[in-house]
Every structure is written in structure tokens, then in C-alpha cells.
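Please read them beside the model.

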Amino acid sequence: MPIVIEKLTYKYQSGSVNEFTALKDIDLTIQDGEFLGVIGHTGSGKSTLIQQLNGLMQPTSGKVTVDGFDMNDKKQRMKGRALVGMVFQYPDHQLFDETVYKDISFGPRNMKLPEDEIDRRVREAMRLVGLDEDEFAEKSPFELSGGEKRRTALAGIIAMYPKYLVLDEPMAGLDPAGRRAVSDMINGFRKKLGCSVVMVSHSMDDIARCADKVIVLRGGEIFKYGAPSEVFCHAEELNEMGLEPPFAARLAAELRKKGFALPQSIYTNEALAEALKPYGKGWRNV
Ligand SMILES: Nc1ncnc2c1ncn2[C@@H]1O[C@H](COP(=O)(O)OP(=O)(O)O)[C@@H](O)[C@H]1O
Ligand SMILES: [Mg+2]
């Protein structure tokens, strides 16, 4: 069953003089197995939105249902929350145990799984995130680099086999190779378990690589929602908002201005290369 968000409004310090409406009237469904990319300016409400998905925050009004569990109801919230694995923007907040192995095994142990299953999952999660067991299992999480901490936090979540994996800017601060590694990892995990993924990112290129659906937030409201081709074809509007559409979408827009007949739906490098094929020989004459 999906995650269904209905008429969700969230106000910080609701009822006080400092009341601030961070989300307004959001309707959104995240289907089973779907990859949803969440985009928007700093302060547009991305983190507030995803924290409603595991009941960390409850709506001021409206409703969130996870797999049929009403997250406004205390008992049902516990059940819904167990299905949602959340990786926060700052992995330091998530790591606390003495060793990487113990840290990753914390979640599965809490689930009261048998010891051999915990061990199997920890090893598998380390392999999936590319942390070598011999090198890292006994290390303290605090000796790790930023990228390694992020992988450890991610491994701790995926070892619980969440039905919904929610990631808040998992690529922030990583170099291009690191970004690609994290996105390959997420895709690998998704293929293995068939879970849904909700990923917040500043980079539309990262989102373009893997999303089935994209939501763009602006000032706590939905500005755009749809398949990547439906959202990224509004390259100019996104640009005006100060958001940078994927490289291929921007280049395709420039080429159209020069007379190239390229479809609006282009947003990946592969699709752009394919669409330019007919121009092959003699492109200088176009
Ligand atoms: N604890 C808080 N109290 C008051 N306002 C907050 C709090 N946390 C976030 N906000 C405000 O809510 C808005 C949305 O924040 P957030 O969801 O963190 O945005 P994003 O993740 O898109 O950067 C911002 O304007 C932010 O200043
Ligand atoms: Mg945020």
C-alpha cells in the first residue's frame, strides 16, 4: 500500500505569535516501489515534509497514511513508523555506537531478529554501501570521513529492510564520484528489496538519474509535480526560481533556441545524445 498525504498543513509554533506555516495543503501519494525526488529552495519545506512520513512530526491539519496506518493515531503511528527508514541530512546525528558493526546492527537488533539474521543483514548492508568489512567493522564511527559516516548511517537503515527509504540530501557535500556512488547504492538497494525511495536533493541531475516522480516545493506549497519529463520541461520557470534544471534539459533548451528540433521531454544526457543523432554528419550546416 502507498503513502498517502491528504490536505497536509504544518505550522511551526502553531498558535503562538511566532507561528510559521511551513507546509500548506499538500496532497501527495507515493506509490509502492516508486522513487520520488523532492526539490526546492532552502526553506521551501522539504525536510518538514519528509519528517511527516515517519511520524516525527504530526500535521497541524490533514492526514498522512503509511501503508494504511493513520499517522495521526498514536498506536497506528508506531506500526507505520516501523516501515519507514529515515536517513537524516547530517549523519553525525544518527551514529552513536562504539563500532561501525554495532551501529549498523542497532536497528535490526531492536527488531528482535535472530543473531545470525542480524549478522547477515549487517554484512549485506556493508557490502551494499561499499564499506569493506575487514577495514570498517571494528572502527569507531567517529574516526570515519564524511562520506563513510553517510554510508554507515545508510547501512544502518537498509539493514532494517524498510518498505520506504527516506533520504534527506544524501549527496550533500560529496564530490561527483561520491554522488554517483551513493546514487548507485540506492538504486542497488531498491532493486534488491523493491522499496519506495523518497529523496530530497538540491541537485536535479541526481534526481533525474533515478526518479519516477518529482515534486518541486515553493514556500511550503507544491509548485510542480509529475514525471521527470513533465517537471524538467519547465526549465525556464525552474531557472527563474533559482533552481538549476538538469544539465541535459538546460542544454536542450539552448539548442532549441538555435533551431534544433528537440522534444521537450529531454532531461538526461543519454536522451539528449539520442535526440542529436540525426544531426550527426554535417551538423555545422544546421
Ligand atoms: N523548528 C522550527 N521552528 C520554526 N520554523 C522552522 C523550524 N524548522 C524549520 N522552520 C522553517 O520552516 C521552513 C521550512 O524548513 P525546512 O523544511 O527545513 O526547509 P528545507 O528542508 O526545504 O530547507 C523554513 O522557512 C524554516 O525556517
Ligand atoms: Mg532540509
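1. Core. The largest nonpolar core has 72 residues, and those touching the most other members are Val 38, Leu 53, Ala 155, Tyr 164, Val 166 and Val 198. A nonpolar core here is a set of buried Ala, Val, Leu, Ile, Met, Phe, Trp, Tyr and Cys residues joined through C-beta atoms within 7 Å. Buried means 20 or more other C-beta atoms within 10 Å of the residue's own, exposed means 12 or fewer, and partly exposed lies in between, with C-beta atoms placed from the backbone.

2. Basis. This is a predicted model, in which local features need pLDDT of at least 70 and side-chain atom pairs count only at pLDDT 80 or more, while totals for chains, interfaces and linings use all residues. Residues are numbered from 1 along each chain as its sequence is written, and chains are lettered from A and ligands numbered from 1 in the order in which they are written.

3. Val 38. Leaving out residues up to four places away in sequence, Val 38 touches Lys 46, Leu 49, Ile 50, Val 198, Met 199, Val 200, Ile 215 and Leu 217. Contact is taken as C-beta atoms, placed from the backbone, within 7 Å.

4. H4 and H6. Helix H4 (residues 115-129) and helix H6 (residues 146-158) have axes that come within 9 Å and cross at roughly 135 degrees. H4 is therefore oblique to H6; angles under 35 degrees count as roughly parallel, over 145 as roughly antiparallel, 65 to 115 as roughly perpendicular and the rest as oblique. On the H4 side the contact is made by Ala 125, Met 126, Leu 128 and Val 129, and on the H6 side by Arg 151, Leu 154, Ala 155 and Ile 158. By class these are seven nonpolar, no polar and one charged. Ala, Val, Leu, Ile, Met, Phe, Trp, Tyr, Cys and Pro count as nonpolar, Asp, Glu, Lys and Arg as charged, and the others, Gly among them, as polar. Axes are lines fitted to C-alpha atoms, for helices over the stretch in contact, and angles run from 0 to 180 degrees between N-to-C directions.

5. H3 and H6. Helix H3 (residues 100-110) packs with H6 at an angle of about 35 degrees, their axes being 7 Å apart. H3 contributes Val 100, Asp 103, Ile 104, Phe 106 and Gly 107 to the contact, and H6 contributes Thr 152, Ala 155, Gly 156 and Ile 157. The contact of H3 with H6 has five nonpolar, three polar and one charged residues. Helices (H or I, at least four residues) and strands (E, at least two) are DSSP runs, numbered from the N terminus.

6. Positive phi. Most residues other than glycine have a negative phi. Tyr 161, in the loop between H6 and strand E7 (164-168), has phi near 50 degrees. Tyr 161 counts as buried, with 20 C-beta neighbours inside 10 Å. Glu 169 also has a positive phi, of about 50 degrees, and sits in the loop between E7 and helix H7 (176-193). Glu 169 is buried, with 20 other C-beta atoms within 10 Å.

7. Val 64. Buried or exposed? Val 64, in strand E4 (residues 61-66), counts as buried, with 25 C-beta neighbours inside 10 Å. Beyond four places in sequence, Val 64 touches Ile 5, Leu 8, Gln 52, Leu 53, Pro 59 and Met 71.

How values were computed
Two residues are in contact if their C-beta atoms, placed from the backbone, lie within 7 Å.
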